[in-house]
Amino acid sequence: MYKVGRIVNTFGIKGQIKVIADTDFPDERFAPGEKLAIVDGDKVLTKLTVADAYLHKGTYILSFEGIHNINDIEHYKNYWLAIEKDQQQALPEDEFYHHQIIGLKIITTDGDELGTVKEILSLGSNDVWVVKRHEPKKRDVLLPFINDVVKEVDLANGIATIELMEGLIDDAN
């Protein structure tokens with residue numbers, strides 16, 4: 001299951017919820033008729049079909065088929081909405097889902113192994129990969145996902161090749 005939004009609250013008394021989207025495709029994910037699961041970690045709590053959705057003050061308001069009362073939905077506050085793998089859309093070449101990047105081994109163009117991607121930060125114009133170093137007591141490295149740094153992503157082999165730009169690694173501490 002892949003998270004597409006977090007339920008932050010209920011909305012009104014007719015079973016609607018407020019959702020902060022965690023997807024690049026909210027209009028498709030929350031479209032009427034789409035199937036979503038409410039999950040707690042890896043555990044599916046329930047599966048629902050979207051009846052209606054709209055954007056309201058930065059959050060999405062969703063209603064589901066068969067849910068017409070706040071009492072039927074309020075206990076799902078702070079859980080996640082998720083989709084199954086086969087619901088993911090194909091991405092253009094050189095674009096990736098975060099779950100495909102996390103765990104990749106990072107190799108420099110010189111052949112040195114830097115570490116493993118442990119997290120991705122979405123910071124405006126580009127994502128930043130947080131790379132956990134393999135050497136003890138070395139700080140994590142923040143790699144901007146830009147063409148000057150990330151030279152190749154090989155999902156089949158679990159490797160990304162990067163060009164180390166000056167200042168990306170601070171090994172002083």
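Me: Which strands make up the closed barrel, and in what order do they run?

Reply: Keep in mind that this is a predicted model. In it, 6 strands close into a barrel in the order β1-β2-β5-β4-β3-β6, and the pairing is antiparallel.

Me: How much are neighbouring strands of that sheet turned against each other?

Reply: By 50° on average, with direction ignored.

Me: OK, zoom in on β4 and β5. How many bridges join them?

Reply: There are 6 bridges between β4, which covers residues 43-56, and β5, which covers residues 59-64. The two strands run antiparallel.

Me: And what stands opposite valine 50?

Reply: Phenylalanine 64, over in β5.

Me: Switching to the open sheet. What's the strand order there?

Reply: That one also has its order laid out strand by strand: β10-β9-β8-β7-β12-β11, 6 strands in an open sheet with mixed pairing.

Me: Which strands stand at the edges?

Reply: β10 (141-144) and β11 (150-154). Each has a single partner strand, so one side of each has no neighbour in the sheet.

Me: What does the twist average in that sheet?

Reply: From one strand to the next, the twist averages 35°.

Me: Now the whole chain. How many helices and strands are there?

Reply: The chain has 2 helices and 12 strands. Along the sequence, the pattern goes β-β-α-β-β-β-β-α-β-β-β-β-β-β.

Me: What about the radius of gyration, how does it sit against a compact globule?

Reply: The chain comes out at 20 Å, whereas a compact globule of 173 residues would be near 16 Å. As for the box filled by the C-alpha atoms, it is roughly 60 × 35 × 30 Å along the principal axes.

Me: What share of the residues is buried?

Reply: Of the 173 residues in the chain, 32% are buried, taking buried as under 20% relative accessible area.

Me: And the accessible surface, what does it come to?

Reply: About 10400 Å² for the chain, and carbon and sulfur atoms account for 46% of that.

Me: Last one, on contacts: what share joins residues at least 24 apart?

Reply: It's 49%, counted among contacts between residues at least 6 apart in sequence.

Conventions:
Residues numbered from 1 in each chain as written. Predicted model: local features only at pLDDT ≥ 70, side-chain atom pairs only at ≥ 80, totals over all residues. Heavy atoms only, no water. Pairing = 2+ DSSP bridges. Helix = DSSP H or I, 4+ residues; strand = E, 2+ residues; numbered from the N terminus. Axes fitted to C-alpha atoms, helices over the stretch in contact; angles between N-to-C directions. Rg over C-alpha atoms; globule rule 2.2 N^0.38 Å. Buried < 20%, exposed > 50% of the residue type's maximum accessible area, 1.4 Å probe, protein only. Contact = heavy atoms within 4.5 Å. Areas by Shrake-Rupley, 256 points an atom, 1.4 Å probe, with all protein chains shown as cover.
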